[in-house]
Amino acid sequence: MTYHVYLIVSKVKKRTFSYVGYTNNIDNRLKLHNQGRGAKFTRGKKWKLIYYKNYSSKKLAMIEEYKLKKNYKFRNIIKKKNGF
C-alpha cells in the first residue's frame with residue numbers, strides 16, 4: 001500500500017496556515033479536512049493541497065511526516081513556490 005505525506009495551506013485574511021500529515025488516500029483526506037472532519041487544527045478553514053510525496057510503507061511516511069513538520073525552512077520554500 002502506498003502512503004503519502006502532504007502539505008496543505010489555508011489563507012484566512014492575511015494569515016497563512018499550513019498543516020502536514022500522512023494518509024493512504026490523499027483525495028479523501030483533503031475532503032475530510034475541508035468538511036471540518038479532519039484534524040482538530042484544520043477545522044473551519046478551506047485547505048489547498050500544495051505538496052505531497054509517496055512512500056512505500058506507513059513507517060517511512062510517518063518518519064518523513066515528522067521531519068517535514070519540523071523543517072520550517074523547507075515548508076516555507078514550498079509555500080513560496082505555490083504563491084503563499
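The following legends accompany close-up views of a predicted model.

**View 1. The three-stranded sheet of the predicted model.** Three strands form an open sheet in the order β2-β1-β3, and their pairing is antiparallel. Because β2 (15-23) and β3 stand at the edges with a single partner strand each, one side of each of them is left without a neighbour in the sheet. On average, and with direction ignored, neighbouring strands of this sheet are turned by 15° against each other.

**View 2. The pairing of β1 with β2.** Nine bridges join β1 and β2, which pair in the antiparallel sense. Within this pairing, Val5 has Tyr22 of β2 as its bridge partner.

**View 3. The helices on the sheet.** Helix α1, made of residues 26-34, lies across β1, β2 and β3 and runs at about 30° to β1. Helix α2 also packs on the sheet, where it touches β1, β2 and β3, and its direction makes about 160° with that of β2.

**View 4. The largest nonpolar core.** Ten residues make up this core, among them Tyr3, Val5, Leu7, Val9, Ile50 and Leu68. At least two core residues come from each of β1 (3-12), β3 (48-55) and α2 (58-70), and β1 gives the most, with four residues. A second, separate core has seven residues, including Phe17, Ile26, Ala39 and Trp47.

**View 5. The surroundings of Leu7.** Leu7 belongs to the largest nonpolar core. When its neighbours within four places in sequence are left aside, the residues in contact with Leu7 include Val20, Ile50 and Ile78, as well as Ser18, Lys48 and Arg75.

Conventions:
Residues numbered from 1 in each chain as written. Predicted model: local features only at pLDDT ≥ 70, side-chain atom pairs only at ≥ 80, totals over all residues. Heavy atoms only, no water. Core = buried A, V, L, I, M, F, W, Y, C linked by side-chain atoms within 4.5 Å. Buried < 20%, exposed > 50% of the residue type's maximum accessible area, 1.4 Å probe, protein only. Contact = heavy atoms within 4.5 Å. Pairing = 2+ DSSP bridges. Axes fitted to C-alpha atoms, helices over the stretch in contact; angles between N-to-C directions.
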